[in-house]
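Biologist: I would like to go through some side-chain features of a model. Please take them one at a time.

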Amino acid sequence: MEKDKYNPKLFENKWRKIWEDSKIYEVPNDFVPKNKYYILPQLPYPSGSGLHMGHSEVYTGCDILARYKRLRKFDVLQVIGWDAFGLPAENYAIKTNIHPRKNTDSAIDNFREQIKSLGISVDWSREVGSHNPDYYKWTQWFFLLMYKRGLAYRANQTVNWCPNDKTVLANEQVTEKGTCERCGATVELKKMKQWYLKITDYAERLYNDLDKVDWPAETIKRQRDWIGKSSGAIVKFKVLNYDLEVFTTRPDTLFGVSFLVVSPEHEVANLLKGHIKNYNEVENYVENSLKKTELERLQQKEKTGVLLEGIYGIHPFTGEQIPIFVADYVLSSYGTGAIMGVPAHDERDFEFAQKFNLLIKRVIDSDQDLPFEGDGKLVNSDFLNGLSVDDAKEKIIAELEKNNLGYAKITYKLRDWSVSRQRFWGAPIPIVYDPDGNPHPVKDDDLPVLLPDDVDFMPTGQSPLTYSPSFQDGVEEKYGKGWRREVDTLDTFMCSSWYYFRYIDPQNDEAFASQENLKKWMPVDFYLGGPEHVNGHLLYSRFFTKVLFDEGIIDFDEPFLVHRHQGLVKGPDGRKMSKRWGNVINPTDVIEKYGADTVRTYLMFMGPLEQDKAWNDRAVAGVHRFLSKVWNLQYKVSKDEDSQQNSEINKLIAKITQDMENMSFNTYCAKLMEFSNFLQKCQKINQQVWEEFLILLSPTAPFLSEELWSRLGYKDSIHTQKWPDFDNSQIVDEVIEIAVQINGKSRGIVQVRANSTQDEVWNEVLKNPKFQNYLSDKPQKIIFVPNKIISIVV
């Protein structure tokens, strides 16, 4: 055979076309999987800048797993789609005066080509775009399902407002700095009528059911922290003829209360303003407080507040008069918007009490300085004295309930989800209003409520659909005179909360997915995506799934059984890739220079999938050299048997299979490289060994392995073959070399069975004559690293 050099440009596009023409990765809609494995890469937003290395890492990681599972004879479903609605596309349209659909479709074409060039084995027949009517029809259907179940409502509430994008933001879209996650503008608070989904009705299940999933521990913790479950009690303090209800997680400290605090939004000051001597001062404080975001209020270093002069809360057990303050560090969104101050046992209360010179009373026994927030026995607490904290909680709640002074209560930080957006590029909310302004769901045959094209999408703070001449066409004929459509659009998280259902039945006009296909493919077996969506997309997807479960449409209530996050692919300088730093690596450029297999293999070889890694051009070139050497090995293939090669390939299969099951793709690639080095030293390569090696290589280097497989004369694709089994008898007695070091100097090696103990290795050292001259004295110390080295100090 005439030798030719490794040049991926000569065959990568060829195999792309062959795979597409043969539809090798398509899964027919009527296919019934016997051993299903549904792999889900996170739905990408198709930005104009194209595919970046983070995308490439996600798709390559999923694809390696998909190809491996197919070789293990799983029926694999891997699909891609586009999270195409949203602010970035609309903002770009405003900047260029080009309709966002045109920009979006163009960006999708670019993304699709880039993903195909990477050799990602998705079923393109199931591709979806959230901006297409046949998709957002079902996004609107989900909203109507929520409405029917009493989970969608309209309310005039304080919302997060982005002054730059001129639209409402969900709490999850506001950064820790109080800025818009998209544009960085400082978020303002504004009262507006908005549509909400009652995700709070599912708070307990969303919190508890995280026990059902195999997700990273930190991800589970972050989502639970966001849901914010708190167990405690409601305590009633009588204020004149008004019951001020306070939520506390520490009812055991009730006898240590020395003040009460209400949020600026609380109704008590307004209801009792005739009794408050300094009401003007209180009113001014409230007005100024409401101009701040919740985050600003929480991050203030100095606590502020105003005493409500003339009114007091009456302690439910002692009858003491407790002063009441309004202070902006108390939030209306948590508990009841009112707290009891126990400065001896809470740091925040302690600071407030010191500032306003309030009583500090210890009620938990301890020799530590105040504030003391630990456990101990109750003191200065009447009938709770001598009890532990847990027993005191139980006792005080029982007394509160017996005397109608309070009750046990669980609260959550989670707030209902605001889904109204005052922008054009989104799915219209499927609601119509009668002449009196009352909302009604649209009729089923009115879906999809189409997004019109005759819209001036320049942001004004009003929904652009307000100004569409055609959007209200036909409404009065269908619903009655004076009826009109809702002009807000849905939050794009609505679109991305259910796309994994649509993938399994994308051409269905009668339902978002058929019962048959739901049973065949769901839930998702493996999901890979970034950690930035823990408190948004991941939470909302779980909510949608539980609603479908309660509706009786599905028989499971968690969408993603196994979920993992990929780490960042950083620039060569170790910083996050950014145009600002000039360190962006374009996948297309690297593919053009080295080929797709090099990009894929390097992305996985860089380090563990979940860790952040810095790009290294020299290491990329090294991976390309590895694949070039593999290419050259084809010229050494023969029918000759080789027992050592047979033993080594069995060891490789055993190791790599474990790596694949653990998704340790970096060590998988490293072991392929080690075995390639072994084959470089062989004069000839047994054909069966070579074929098994190519199958092992194929998940990370699908083009190269397919080309080399075809050169062996095979007509069937390597990607339809079976993952090789290993022979235990070939690997049990593996002999390895252990370095022997004496007094810090290398003195040779001993050969032992893999995983030998320290005593076994030491016995081999003693039996070897070459080490006797160095071991005349008894060893003072032996340091042993299994399978690596034995170091002896004499």
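This is a predicted model: local features need pLDDT of at least 70, side-chain atom pairs count only at pLDDT 80 or more; totals for chains, interfaces and linings use all residues.

Biologist: How many aromatic pairs does the structure hold?

Modeller: The structure holds 49 aromatic pairs.

Biologist: Why is the pair of Trp417 and Tyr540 stacked?

Modeller: Planes under 30 degrees apart count as stacked. The ring planes of Trp417 and Tyr540 are at 0°, with the centres 3.6 Å apart, so this pair is stacked. The pair also links distant parts of the chain: Trp417 belongs to strand 15 (residues 417–418) and Tyr540 to helix 17 (residues 537–551), 123 residues apart. Both Trp417 and Tyr540 are buried.

Biologist: What angle lies between the planes of Tyr499 and Tyr503?

Modeller: Over 60 degrees counts as edge-to-face. Tyr499 and Tyr503 have 80° between their planes and 5.4 Å from centre to centre, and their pair is edge-to-face. Tyr499 is buried, as is Tyr503.

Biologist: Is Asp63 buried or exposed?

Modeller: Buried means under 20% relative accessible area. Asp63 has 0%, so Asp63 is buried. Asp63 lies in helix 2 (residues 53–71).

Biologist: What does Asp63 touch, not counting residues up to four places away in sequence?

Modeller: On that count, Asp63 touches Gln78, Gly119, Ile120, Ser121 and Arg600.

Technical notes
Residues are numbered from 1 along each chain as its sequence is written. Side-chain values use heavy atoms; hydrogens and water are left out. Rings of Phe, Tyr and Trp (its six-membered ring) pair if their centres lie within 6.5 Å; planes under 30 degrees apart count as stacked, over 60 as edge-to-face and the rest as tilted. Helices (H or I, at least four residues) and strands (E, at least two) are DSSP runs, numbered from the N terminus. Buried means under 20% relative accessible area, exposed over 50%, partly exposed in between (1.4 Å probe, protein chains only). Contact means heavy atoms within 4.5 Å.
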